[in-house]
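Hello,

Here is the structure I promised to pass on. My notes follow below it.

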Amino acid sequence: MKERQHLFNLIIIGDEILHGTRIDKHFAFFKSLLESRGLKLNQVQYLPDEPELLVRQLQRSFSDGMPTFVTGGIGATPDDHTRQAAAAALDLPLIRHPEAAKNIEGVTLQRSELLDSAEHAQRLNMADFPEGAEPVPNSFNNIAGFSIRSIIFFPVFR
């Protein structure tokens, strides 16, 4: 039997990865990161941008309690459903996290855009997390991921 304390799951979300329009860099990155610390991947799932499927799979992941990394689907485009699916899987509302929203305001101002612009309003959706989630800093573009229970959600790597 595997020692669970040394195992992690990985869920990679995105039609663009499944259809080959974007090359997956997540598997190799997380495998290498974990192995460098004496840890291992238990399983990897590649999932499409399908809200109902994401809810079911996230419910399973939350219920098994295995530490899990999730990448993809937390942006602000119409095909991004991961934040909403995580909230639905836990039967929690999405709430705007003030720290994440403040970071997004900084991104908007850095781009010389107005805080009342449509672009900023769309971008602010990325500060909506399931209630109780904590932001995960993102030094790449200052748009936070989030963590809740045993799962950490990251944006897609570019």
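A word on terms to begin with: buried means under 20% relative accessible area, exposed means over 50%, and partly exposed lies in between (1.4 Å probe, protein chains only). This is a predicted model, in which local features need pLDDT of at least 70, side-chain atom pairs count only at pLDDT 80 or more, and totals for chains, interfaces and linings use all residues. Residues are numbered from 1 along each chain as its sequence is written, and side-chain values use heavy atoms, with hydrogens and water left out.

Now the chain as a whole. It has 6 helices and 8 strands (DSSP runs, H or I of at least four residues for helices and E of at least two for strands, numbered from the N terminus). Of its 158 residues, 44% count as buried. The C-alpha trace spans about 55 × 30 × 30 Å along its principal axes.

By contrast, His 26, Phe 30 and Leu 34 of α2 are buried. These three lie on the same side of α2, because they cover an arc of only 50 degrees around the axis (taken from the directions from the helix axis to the C-beta atoms). Among the elements covering the buried residues of α2 are β1 (7-13), β2 (40-47) and β8 (151-154), where contact means heavy atoms within 4.5 Å.

Further along, Asn 103 sits in helix α5 (residues 98-110) and is partly exposed, at 25%.

Enjoy looking around!
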